[in-house]
Amino acid sequence: MDYKELYKTAQQAINNAYAPYSHFKVGAALLTKSGEVFTGVNVENATYGATICAERTALVKAASEGYREFDAIAVVSSGGEVYPCGICRQFIFEFGDNIKIITGEDEDHIKVTKIKDLLPNGFRLK
Ligand code: THU
């Protein structure tokens, strides 16, 4: 799947977002190095703090199925262009410096940024 398709997959996933508190719906689509795609959405919670973002939902789905190597993750919101939050940046960085973050206003204006450029000096246990 190319990055435009990945972006469109993330866009479609928005429909499944559970965001009754913020009404800000987010979809993600994670591409493994072997070509599988895992989608994710934000799942909010009445405690607010227990909310999980779309990016981490996708990563947790993939990691719990045994996948560890990722090429790219697209993220799209109901409110326009969005970039991963700080926690999600660290969560993505866990699996590699060069994972690409696919963002953009729409499918014809896609931006590709490496996670190491969005999170300089990301934390790793030595
Ligand atoms: N959110 C995501 O799912 N991903 C992001 O990259 C930014 C924020 C969610 C969390 C919360 O459900 C809502 O957007 C508003 O913060």
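This is a predicted model: local features need pLDDT of at least 70, side-chain atom pairs count only at pLDDT 80 or more; totals for chains, interfaces and linings use all residues.
Me: Start with the open space. What is the volume of the largest pocket, and how many residues line it?

Reply: The volume is about 190 Å³. The lining of the largest pocket has 15 residues. Nearest the centre lie Phe-24, Val-26, Asn-42, Cys-53 and Glu-55.

Me: How do the lining residues of the largest pocket divide into nonpolar, polar and charged?

Reply: Nine are nonpolar, three are polar and three are charged.

Me: Which helix gives the most to that lining?

Reply: Helix H2, residues 54-64, with three residues.

Me: Stay with H2. How do I read a helix by its faces?

Reply: The general idea is the turn. An α-helix has 3.6 residues a turn, so residues three or four places apart point the same way. Now the case here. The buried residues of H2 are Ala-54, Glu-55, Arg-56, Thr-57, Ala-58, Leu-59 and Ala-62.

Me: What follows H2?

Reply: Gly-66 follows H2, and its phi is positive, near 100°.

Me: How should I read a positive phi in other residues?

Reply: Most residues other than glycine have a negative phi, and most peptide bonds are trans. Here, His-23 has a positive phi, near 60°, and is not a glycine. His-23 lies in the loop between H1 and E1. With a relative accessible area of 61%, His-23 is exposed. Tyr-48 is not a glycine either, and its phi is positive, about 65°. Tyr-48 is found in the loop between E2 and H2.

Me: Next, the rings. How do I describe an aromatic pair?

Reply: Two values do the work. A pair of aromatic rings is described by the distance of the centres and the angle of the planes. In this model, a search of the whole structure finds three aromatic pairs. One of them joins Tyr-21 and Tyr-48, at 5.6 Å centre to centre with 40° between the planes, and is tilted.

Me: Why does the pair of Tyr-21 and Tyr-48 tie together parts that are apart in sequence?

Reply: Because Tyr-21 lies in the loop between helix H1 (3-13) and E1, while Tyr-48 lies in the loop between E2 and H2, the pair ties together parts 27 residues apart in sequence. Tyr-21 is partly exposed, at 38% relative accessibility. Tyr-48 has a relative accessible area of 56% and is exposed.

Me: Why is the pair of Phe-70 and Phe-95 edge-to-face?

Reply: Their planes are at 80° and their ring centres 5.3 Å apart, so the pair is edge-to-face. The cut-off for that class is over 60 degrees. Phe-70 lies in strand E3 and Phe-95 in the loop between H3 and strand E4 (100-104), so this pair ties together parts 25 residues apart in sequence.

Me: Now contacts. Which residues outside its sequence neighbourhood is Ile-99 in contact with?

Reply: First place Ile-99, which is in the loop between H3 and E4. Ile-99 is buried, with a relative accessible area of 2%. Leaving aside neighbours within four places in sequence, its contacts are Phe-70, Asp-71, Ala-72, Ile-73, Ile-92, Thr-113, Lys-114 and Ile-115.

Me: How far apart are Thr-103 and Tyr-7 in sequence and in space?

Reply: They are 96 residues apart in sequence and 7.4 Å apart in space, C-alpha to C-alpha. Thr-103 is in strand E4. At 0% relative accessibility, Thr-103 counts as buried. Beyond neighbours within four places in sequence, Thr-103 has contacts that include Tyr-7, Val-75, Glu-81 and His-109.

Me: What separation do Pro-20 and Phe-93 have?

Reply: Their C-alpha atoms are separated by 29 Å, and the two residues are 73 residues apart along the chain. Pro-20 is in the loop between H1 and E1. Pro-20 is partly exposed, with a relative accessible area of 35%.

Key: Residues are numbered from 1 along each chain as its sequence is written. Side-chain values use heavy atoms; hydrogens and water are left out. On a 1 Å grid over the protein atoms alone, a cavity is a set of points where a 1.4 Å probe fits but cannot get out, and a pocket is an open set with protein on both sides within 12 Å along at least five of seven lines; lining residues have an atom within 4 Å of a point. Grid points are joined across faces, edges and corners, and a volume is the space filled by probe spheres set on the points. Helices (H or I, at least four residues) and strands (E, at least two) are DSSP runs, numbered from the N terminus. Ala, Val, Leu, Ile, Met, Phe, Trp, Tyr, Cys and Pro count as nonpolar, Asp, Glu, Lys and Arg as charged, and the others, Gly among them, as polar. Buried means under 20% relative accessible area, exposed over 50%, partly exposed in between (1.4 Å probe, protein chains only). Rings of Phe, Tyr and Trp (its six-membered ring) pair if their centres lie within 6.5 Å; planes under 30 degrees apart count as stacked, over 60 as edge-to-face and the rest as tilted. Contact means heavy atoms within 4.5 Å.
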